[in-house]
Amino acid sequence: MIWENIHLALKAMVASKMRTLLSLLGIVIGVGSVIAILTLGQSATKSITQTIVEGGLETITIFPDRSDPKVGEFDEEFTDVLKKNVDDIETVLPVNSSSALVRVEQESSNATVSGVVSSYAAVLDYEVAEGEFFTLADNLSSRQVAVLGSEVAAELFPNQSAVGRYISIFRNQAKSYLVIAVMEEKDANFNLQYNASVYIPYNTYTDRFVKPTFVGSYVIRVADGADALAVSDNVSTYLDSTVGTDAYRIFSPASLAEMATSITGTLSSFLAAIAAISLLVGGIGIMNIMLVSVAERTKEIGVRKALGASPRVIMGQFITEAMVLTLTGGLLGIVLGVSISYIVARAVEWQLFISYTSFLLAAGFSTLVGVFFGWYPAYKASKLDPIEALNYE
Amino acid sequence: MKPVIELEDVRRYYTMGEIIVKALDGVTLTISRGDFVSITGPSGSGKSTLMNLIGCLDTPTDGYIHIDGEMTLGMDEKDLAYVRNQKVGFVFQQFNLLAKMSALDNVATPLLYTGVPYRERREIAMSALKKVGLADRMKHRPNELSGGQKQRVAIARSLVNNPSILLADEPTGALDTHTGAQILELFEELHSEGRTVVLVTHDTDIARHAKRQIHVRDGRIGEAG
Ligand SMILES: Nc1ncnc2c1ncn2[C@@H]1O[C@H](COP(=O)(O)OP(=O)(O)O)[C@@H](O)[C@H]1O
Ligand SMILES: [Mg+2]
């Protein structure tokens, strides 16, 4: 009986294609937009999270707020203070950076010039491509040496090796630096734009660029195996109690990744609400079309009853019809949603993440809508008086 | 042997606001198995009302009806549907075929409600169509068939569940005389095979073919011949 009913439903649908399509529009658009937003939301999170994870979850960066009176606390000793007071910190690296014009003969480039300590590269797993990173001795003696990020090197020395050559860095006045190494490419880690930077010894930087005690930022490397999120929380707690919440900003890729995930979570429940409303609207459309269908086919119902169809059988026929209708709407909606997602994801270059669970949910929900909103019209059909229905013209 | 149809003081009243229309006003009637009964009477006398009651499409305001030994009083819609499906084959003046289905599917529909599986349904429907001489029209839709052919399909449909009673309410009413005569022949043939046939007609010539003739007037019956 179920197959016959499905067959009948499909026949009825095909018989009035345009009307069917119009009546399904509510459900198609409802399901389509939910699928699209869900898919895109998930694709966005995945893309963002992936970028973050590739950059490494194990670093945390603290930026002191220069306008805060407590900013004086953030000096070079602070690296040791922090390490002593918060568990699971492997290293704290003081970093000073600013943007500056870098030149070689005709070529010039705007780069971030960072003063870093000699362990910087090793701590952040930042590999040297050519030459050697500067040493503790270079730092202590404030040598005029520089290490180039891959992009800067490519820009300034497009056709030759940079190592052993000199570059000028302009900051009030031009100073000449010997390039001693070029780094491998490394994905940006939100705050650390590795490739577009020029690295010089920390002390050289402070001599040239800022007043000696000030530190621009601290990059924390979390101990291997430790929970970066927990460490980040502990650092915040410690800083809040010592310098106050306003004196710094903290960036942890781990916390960003978590935020991204939680935003999608919120988005999903918000979407569920939209889905419910759109399916409700779509369902009312279905109820309407089913009432029309029952009225139009009163005679048919009369004939079927005369031939021995029980009320339950008639009810089954029309509920099946409503279900087939809404399921079709749901499937069309899924196709629509995926198409939209595909187009958008291509345009913004996200990797498309398709959630098959959401397909199942959409199909299931739209079928349920059919049962729910098809119930009343089907009930009406089942209660028709056989004679009145037969004599209906 | 128990009569296949038994009516005891059956009434069917319609209330139209203030007025009560007594479509049937106390009909007592028994029809034995294998009989061929014609029902005649002027328009509006209650013939269709009587047929609908026998066919369990309608329920009486008062009185008792037994179909094939079963009392229909107190039956719910489901039980009535069962009687319509199993005990009665109904043929209407206006054919009442399902327009979007082939002749074969139309004929097979009662079997669907009996729960007969697909293949068997087709086989039974096929042989019923063969019986009414339309085996070559099984794929045709009603609008591709002549009036006489449509009525043959309807008759085939009324036969598939091998019912105890064949009810035909003016089956020739929408047909020309020649085609009507052929349909009548078919009913006579079915009767000769042992089926109980009750046939409403306004044509006294046709009525004369029946073994038993009942006349309805103002919701009451009288017997002739
Ligand atoms: N649904 C109804 N409501 C009111 N009156 C009806 C209804 N059906 C039939 N009647 C009346 O009952 C009487 C008998 O009708 P019917 O059995 O159809 O007559 P026949 O078939 O002999 O022409 C008529 O007067 C008709 O108007
Ligand atoms: Mg009549």
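Helices here are DSSP runs of at least four residues, numbered from the N terminus. The model is predicted. Chain A and chain B bury about 1900 Å² between them. The largest pocket has a volume of about 680 Å³, and the largest cavity one of about 90 Å³.

**Where the chains meet**

- Chain B brings 20 residues to the contact, and chain A brings 20 residues as well.
- Carbon and sulfur atoms account for 66% of the buried area of about 1900 Å².
- One salt bridge is counted between chain B and chain A.
- That salt bridge joins the side chains of Arg121(B) and Glu4(A), at 2.5 Å from N to O.
- On the side of chain B that touches chain A, two elements give two or more residues: helix H2 (77–86) and helix H3 (103–114) of chain B.
- H2(B) has the largest share of that side, with five residues.
- By type, the side of chain B that touches chain A holds eight nonpolar, four polar and eight charged residues.

**The largest pocket**

- The lining of the largest pocket consists of 34 residues.
- Nearest its centre lie Arg297(A) and Glu300(A), together with Leu98(B), Ala99(B) and Lys100(B).
- Five helices of chain A each supply at least two lining residues: H1 (2–15), H2 (17–55), H9 (253–296), H10 (298–306) and H11 (311–348).
- H1(A) gives the most to this lining, with six residues.
- The pocket lining divides into 15 nonpolar, eight polar and 11 charged residues.

**The cavities**

- Three cavities of 30 Å³ or more are counted.
- The largest cavity, of about 90 Å³, is lined by 13 residues.
- Closest to the centre of the largest cavity are Leu307(A), Arg84(B), Val88(B), Gly89(B) and Phe90(B).
- Three elements of chain B give two or more residues to the lining of the largest cavity: H2, strand S6 (88–91) and helix H5 (147–159).
- S6(B) has the largest share of this lining, three residues.
- The lining of the largest cavity is made up of seven nonpolar, four polar and two charged residues.

**Elements to locate in the model**

- H2(B) gives five residues to the side of chain B that touches chain A, and H2 of chain B also gives two or more to the lining of the largest cavity.
- H1(A), at 2–15, gives six residues to the lining of the largest pocket.

Technical notes
Residues numbered from 1 in each chain as written. Chains lettered and ligands numbered in written order. Predicted model: local features only at pLDDT ≥ 70, side-chain atom pairs only at ≥ 80, totals over all residues. Heavy atoms only, no water. Contact = heavy atoms within 4.5 Å. Buried area = accessible area lost by both parts, 1.4 Å probe. Salt bridge = Lys/Arg side-chain N within 4 Å of Asp/Glu carboxyl O. Nonpolar A, V, L, I, M, F, W, Y, C, P; charged D, E, K, R; others polar. 1 Å grid on protein atoms, 1.4 Å probe; cavity = no way out; pocket = protein on both sides within 12 Å on 5 of 7 lines; lining within 4 Å. Points joined across faces, edges and corners; volume = space filled by probe spheres on them.
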